[in-house]
Amino acid sequence: METVMAELRNWYMATQDGKLTAHGDVYFSDKIEDGRLIQTTAVQEITYLSDRLEVRTQNSVYELPYAYHRLVEGIDTNVIPVEYLQGKQEILDISRWTEGAVDERREKEKQEMSRVIEEEDKDAVVLRFSSHAAYYYLAMLVKHDDEISYSDTYKVQPGTYDDSVLIPDTLFACHPGFETMTFYSWDEGIGTVYLENAGEDAISFVTPYGTHRAEAHECLKFKR
């Protein structure tokens, strides 16, 4: 029998004693009655999906639908709650999550990222970033022979000083900092890697190939 994941409604996220927790009215829990206000234990991982967050604690996983978010002091926490908690001041790109625009945006982004890959590259990945996006990361496009796949899903592991961004189905992982993405894991199994800055502000990338600065709308290429 398939297990139904617990869901939080009227939710927000906050820090307590240096630990990130989720708050909201719980539904579909096999342990707690529907509608009860709860505070989770420390969040260990956040997965960003097109219509919801999935938040993992030590013993539980919760769905946090964007449709049921709660406004906290005027900040729209359904878009990027951790950015708010970290006190960042950038104007975040919330249009990516606008209802009805997700599929259109994804198809447009897929086409744009496909054009980045040079014809001779048969095995390549494009990682797209913007300083106005959540954790700077936007999406990934993979080319293997003539097959193209696209994903804008990613995982975040909150940390005391640095959060980690994990890119699913790869070994890429990085720490976002002030206008900087520091890769602490790099997928050596991919022949060519493109780091695309789709934003209006420069981003520095710390990679196994050294530190490189990408200006607005610039793409860097790394080849094994």
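Visitor: How many helices and strands does the secondary structure of the chain come to?

Guide: Helices (H or I, at least four residues) and strands (E, at least two) are DSSP runs, numbered from the N terminus. Here the chain has two helices and 19 strands. This is a predicted model, in which local features need pLDDT of at least 70 and side-chain atom pairs count only at pLDDT 80 or more, while totals for chains, interfaces and linings use all residues. Residues are numbered from 1 along each chain as its sequence is written, and side-chain values use heavy atoms, with hydrogens and water left out.

Visitor: What percentage of the residues of the chain count as buried?

Guide: Buried means under 20% relative accessible area, exposed over 50%, and partly exposed in between (1.4 Å probe, protein chains only). Of the 224 residues in the chain, 44% are buried. The area itself comes from the Shrake-Rupley method with a 1.4 Å probe; for residues, only the protein chains shown count as cover. The chain exposes about 12,000 Å², with 47% of it supplied by carbon and sulfur atoms.

Visitor: Which residues have the most contacts inside the largest nonpolar core?

Guide: A nonpolar core is a set of buried Ala, Val, Leu, Ile, Met, Phe, Trp, Tyr and Cys residues joined through side-chain atoms within 4.5 Å. The largest one has 40 residues, and F129 and L195 have the most contacts inside it. Strand β1 (residues 6-16) gives this core its largest share, four residues. A second, separate core has 11 residues, among them M113, V116, I117 and A133.

Visitor: Which residues does L195 touch?

Guide: Contact means heavy atoms within 4.5 Å. Not counting residues up to four places away in sequence, L195 touches L127, F129, F183, W186, F205, T207, E218, C219, L220 and F222. For the chain, residues 24 or more positions apart account for 44% of the contacts with a separation of 6 or more.

Visitor: What does the count of disulfides come to?

Guide: A disulfide is a covalent bond between the sulfur atoms of two cysteines. The rule used is a pair of cysteine sulfur atoms within 2.5 Å, and by it the count is zero. As for individual cysteines, C174 is buried at 1% relative accessible area, whereas C219 is partly exposed at 32%.

Visitor: What is the strand order in the open sheet of five strands?

Guide: Two strands pair if DSSP finds at least two bridges between them. The order is β11-β10-β9-β16-β19, with mixed pairing. β11 and β19 (219-223) stand at the edges with a single partner strand each, so one side of each has no neighbour in the sheet. Within this sheet, β10 and β11 run antiparallel and are joined by five bridges; H144 has E147 in β11 as its bridge partner.

Visitor: How many residues join β4 to β5 in the hairpin?

Guide: The hairpin joins β4 to β5 through three residues. Strands β4 (residues 45-48) and β5 (residues 52-56) run antiparallel with four bridges, and E45 has R56 in β5 as its bridge partner. β5 also forms a hairpin with β6, with four residues between them. That antiparallel pairing of β5 with β6 (residues 61-65) has five bridges, and E54 stands opposite E63 in β6.

Visitor: Where is D145 found?

Guide: D145 is in the loop between β10 (137-144) and β11 (147-151). Its phi is near 55°, a positive value in a residue other than glycine, and D145 is partly exposed, with a relative accessible area of 46%. E179, in the loop between β14 (173-177) and β15 (180-185), also has a positive phi, near 55°.
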